[in-house]
Amino acid sequence: MGLTAYKISELLGMEITTLLGADILSKYKLLLDYRNTQVSFSKQLIDLGGGVAPISSFMGIPIINLTVAERTVKCFLDTGAKLSYLSKELTQNYESVGAEADFYPGVGKFTTDCYSVSTTYGGNTFDARFGNLPDLPQMTFMLAGTNGIIGYDFFDNFKVMLDLQKGEISTLKYVQAIS
């Protein structure tokens, strides 16, 4: 689709050298531990001691079920998304908590209002900041039967093991420090 490391570097405003796609990632069990700045690739099972759930995918992108606004929704799981996204119908009853600039491949840079929405995965509730995508990428949700994208806020709340080959996700909720 014409997406290169150079093009993404321009959009991010920082240099990246490598893009890893599902074609490579699906060959490994992938551990994502954002809080400890760790990413691990393994051919062996990585047991987190947490829950295991099936995931589906669309064009190699994992899709998980979340509960948002008391409704079960399917969201793309995006390891690189700093902001999460929902369809406008799911955010229309929330007040904006500010606007944020972002980019979407094929669309470029844009600004969206953000909404703090209580989100539940695997019985664990956390607040996530959701924006709305421009109309063109929003249509991708309909094609894939999804309602949005969940990004950084998911990984900031869970240690995650993805097994794309088996179609499974294992998560372990981080323990919140008491201040």
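Leu20, Ile24, Val39 and Phe41 make up a nonpolar patch on the surface, and their accessible area together is about 350 Å². Such a patch gathers residues with over 30% relative accessible area and no salt bridge; nonpolar side chains (Val, Leu, Ile, Met, Phe, Trp, Tyr) are joined within 5 Å, and like charges within 9 Å. Areas follow the Shrake-Rupley method with a 1.4 Å probe, and for residues only the protein chains shown count as cover. Ile24 sits in helix α2, residues 22–25. Ile24 is partly exposed, at a relative accessible area of 36%. Here buried means under 20% relative accessible area, exposed means over 50%, and partly exposed lies in between.

The model is predicted: local features need pLDDT of at least 70, side-chain atom pairs count only at pLDDT 80 or more, and totals for chains, interfaces and linings use all residues. Residues are numbered from 1 along each chain as its sequence is written, and side-chain values use heavy atoms, with hydrogens and water left out.

**The sheet**

An open sheet is built from 5 strands in the order β2-β1-β13-β14-β3, with antiparallel pairing. The edges belong to β2 (38–42) and β3 (51–54); each has a single partner strand, so one side of each lacks a neighbour in the sheet. From one strand to the next, the twist averages 15°. Its angles run from 0 to 180 degrees between N-to-C directions, along axes fitted to C-alpha atoms, for helices over the stretch in contact. Strands (E, at least two residues) and helices (H or I, at least four) are DSSP runs numbered from the N terminus. Two strands pair if DSSP finds at least two bridges between them.

**Strand β1**

β1 is largely enclosed by the rest of the structure, because 5 of its 5 residues are buried. Both faces are covered: Lys29, Leu31 and Asp33 lie on one side, Leu30 and Leu32 on the other, and all are buried.

Strand β1 (residues 29–33) runs antiparallel to strand β13 (residues 158–163), and 4 bridges join them. Between β1 and β2, also antiparallel, there are 5 bridges. Leu31 faces both partners. Its opposite residue in β2 is Ser40. In β13, Leu31 has Met161 as its bridge partner. β1 and β2 also form a hairpin with 4 residues between them, and Thr37 in the turn has a positive phi of about 45°.

**Salt bridges**

Side chains of opposite charge can pair when their charged atoms come close. The structure holds 8 salt bridges. Each is a side-chain nitrogen of Lys or Arg within 4 Å of a carboxyl oxygen of Asp or Glu. The table gives some of them.

| Asp163 | Lys29 | 3.6 Å |

Take the salt bridge between Asp163 and Lys29. This pair links distant parts of the chain, with Asp163 in strand β13 and Lys29 in strand β1, 134 residues apart. Lys29 also stands opposite Asp163 in the strand pairing. Asp163 is buried, at 2% relative accessibility. Lys29 is buried too, at 15%.

Asp156 is partly exposed, with a relative accessible area of 23%. Arg35 is partly exposed at 34%.

Glu89 belongs to helix α3 (residues 88–91) and Arg71 to strand β6 (residues 71–77), 18 residues apart. Glu89 is partly exposed at 48% relative accessibility. Arg71 is partly exposed at 34%. Elsewhere, salt bridges with shared partners join Lys82, Glu100 and Arg129 into one network.

**Pro62**

Pro62 lies in strand β5, residues 61–68. Pro62 is buried, with a relative accessible area of 8%. Leaving out residues up to four places away in sequence, Pro62 touches Ile55, Ser56, Ser57, Cys75, Phe76, Leu77 and Leu164. Contact means heavy atoms within 4.5 Å. Pro62 and Phe154 are 92 residues apart in sequence, and their C-alpha atoms are 13 Å apart in space.

Terms used. Buried means under 20% relative accessible area, exposed over 50%, partly exposed in between (1.4 Å probe, protein chains only).
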